Structures are given as C-alpha cells and as structure tokens.
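Here is a short report for a first look at this model. Keep the sequence and the 3D view side by side as you read.

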Amino acid sequence: LLTGQVEFLKGVVAMDGLPPDDRLEVCFAGRSNVGKSSLINALTGRRAIARTSNTPGRTQEINFFTAGDSHYLVDLPGYGFAKAPIPVVEKWQRLLKAYLSGRATLRRAFLLVDMRHGVKDVDAEIMRMLDSAAVTFQVVLTKADKIGTAARDKTLAQVREKLAKHPAAYPELVVTSSETGDGIANLRAIIAGLT
Ligand code: GDP
C-alpha cells in the first residue's frame with residue numbers, strides 16, 4: 001500500500017482547499033523536530049517525499065499525499081515552536097480543529113512523540129483536540145534508537161499514564177526508529193489494516 005506509490009498532492013491552508021473525501025485518510029501530528037518527515041519518508045520508502053512539507057512556506061500547510069488510489073496520508077504542521085507569532089498559532093489551531101472535526105474519512109491520527117521526551121503539554125493539548133473531534137489517535141514513539149531499554153520503558157509508562165485520560169486514545173503504542181527501521185513495517189500494517 002505505502003511503498004512506491006506515494007505522491008505529494010497538495011498543501012492546504014483553508015478548509016475549502018481540502019481534496020474530496022473519497023479515500024481513507026490517516027494523519028500525522030507531532031511537535032516540530034519530533035521526526036515526522038523522517039517517519040513519513042521511512043513509511044513510504046521515498047526519501048524526498050515529506051521533505052516537501054518541511055520546505056519554507058509549506059510548514060503551516062496541511063500536506064496531502066496520495067497512497068495508491070485508496071488512501072490519503074496527511075502531514076499536519078509541526079507544533080510547539082515558541083517562536084511562531086500568536087495570530088499564526090491561532091489560525092493554525094482553527095484550521096486544525098475544523099479539519100479534525102469535519103473530515104468524515106479520517107480514520108486515525110498518529111501522534112508522534114519523541115521517545116526521549118515523552119508527552120509534553122503541547123501534545124496533551126492536541127490530544128484534547130482529538131478527543132473533542134472524536135478522532136481516534138495512536139501514539140507513535142520516534143527515535144527509539146537514541147535511548148536504551150530502561151529509558152524506553154520509563155517513557156512508555158509515562159505515555160500510558162497520560163493516555164488514560166483521553167477517551168479518543170487507541171491504547172496500543174507503536175515504537176519506531178526511522179534510523180534503524182524498527183517498527184516501520186508494523187506501522188505500515190496498522191495503516192493498511194484500517195477500514
Ligand atoms: P520533523 O520536524 O518532525 O519533520 O523532524 P525530522 O524528520 O526533520 O527530524 C528531526 C531530526 O531528528 C533530524 O535531524 C533527523 O535526522 C532526526 N531523526 C528523525 N528520526 C530519527 C530516528 O528515528 N533516529 C534518529 N537517531 N534520529 C532521527
């Protein structure tokens with residue numbers, strides 16, 4: 001499903017720019033620098049694909065990729081950059097809320113969390129937004145290669161504790177490393193299994 005047939009479709013800045021909701025859709029969210037582009041690249045086997053979303057001018061857009069003719073992969077802008085001016089942040093939050101609550105074909109949001117850092121306040125804020133929009137979300141831990149087993153377990157426990165408060169949370173955590181490829185096939189299978 002995901003390898004070899006993924007193409008960038010468009011960057012969206014307003015609800016009326018969304019492509020028709022005629023496919024299953026999953027989206028990826030996470031703090032800036034969490035490793036979102038690297039993960040999307042690893043998932044799709046296309047090195048350059050999500051670099052598109054990290055180029056200046058595209059970072060505040062909702063970027064749509066087509067996967068075969070059955071799915072959209074949606075790259076949401078990275079959040080948590082203190083530097084963004086308040087009006088920019090507010091505009092982005094409005095668009096995000098509208099997108100999450102208005103997209104009938106959105107099956108799951110993957111919320112990326114750096115395995116070294118665990119869930120931060122800004123992540124919890126997005127989780128609340130996903131709860132309100134009733135979008136099932138699943139946490140994907142990134143950069144697992146950067147820490148040892150004990151530290152991993154500590155983060156997993158912290159994430160599980162945080163998730164317990166969120167009705168929209170899907171309980172199974174996905175541990176990944178775009179560097180080593182760990183967990184990538186598992187995540188691909190999860191996406192392919194959504195109906
Ligand atoms: P984004 O801002 O969320 O799109 O993050 P990027 O994908 O650009 O990654 C941010 C930084 O983390 C880059 O320097 C990546 O090389 C690095 N990185 C991303 N994923 C991994 C990973 O799984 N392991 C390691 N060691 N580094 C990673």
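## A parallel strand pair

Strand E6 (residues 137–142) and strand E7 (residues 169–175) pair in the parallel sense, over four bridges. Two strands count as paired if DSSP finds at least two bridges between them. Helices (H or I, at least four residues) and strands (E, at least two) are DSSP runs, numbered from the N terminus.

Gln 138 stands opposite Tyr 170 in E7. Val 140 has Val 174 of E7 as its bridge partner.

## The model and its confidence

This is a predicted model: local features need pLDDT of at least 70, side-chain atom pairs count only at pLDDT 80 or more, and totals for chains, interfaces and linings use all residues. Residues are numbered from 1 along each chain as its sequence is written.

The protein chain averages a pLDDT (the predictor's confidence in each residue, from 0 to 100) of 91. Of the residues, 91% score at least 70. For the complex, the predictor gives an ipTM of 0.99 and a pTM of 0.94.

## The whole sheet

E6 and E7 belong to an open sheet of seven strands, ordered E1-E3-E4-E2-E5-E6-E7, with mixed pairing. Strand E1 (6–12) and E7 stand at the edges with a single partner strand each, so one side of each has no neighbour in the sheet. On average, neighbouring strands are turned by 25° against each other, direction ignored.

## Around the ligand

The closest are Gly 35, Lys 36, Ser 37, Ser 38 and Glu 179. By class, the shell has one nonpolar, 11 polar and five charged residues. Helix H1 (residues 36–44) gives the most to this shell, with three residues.

## Helix H1

H1 is mostly covered, with eight of its nine residues buried. Buried means 20 or more other C-beta atoms within 10 Å of the residue's own; exposed means 12 or fewer, and partly exposed lies in between, with C-beta atoms placed from the backbone.

Ser 38 lies in H1. Why does Ser 38 count as buried? Because it has 20 C-beta neighbours inside 10 Å. After H1 comes Gly 45, whose phi is positive, near 65°.

Definitions and conventions:
A residue is near a molecule or strand if its C-beta atom, placed from the backbone, lies within 6 Å of it. Ala, Val, Leu, Ile, Met, Phe, Trp, Tyr, Cys and Pro count as nonpolar, Asp, Glu, Lys and Arg as charged, and the others, Gly among them, as polar. Axes are lines fitted to C-alpha atoms, for helices over the stretch in contact, and angles run from 0 to 180 degrees between N-to-C directions.
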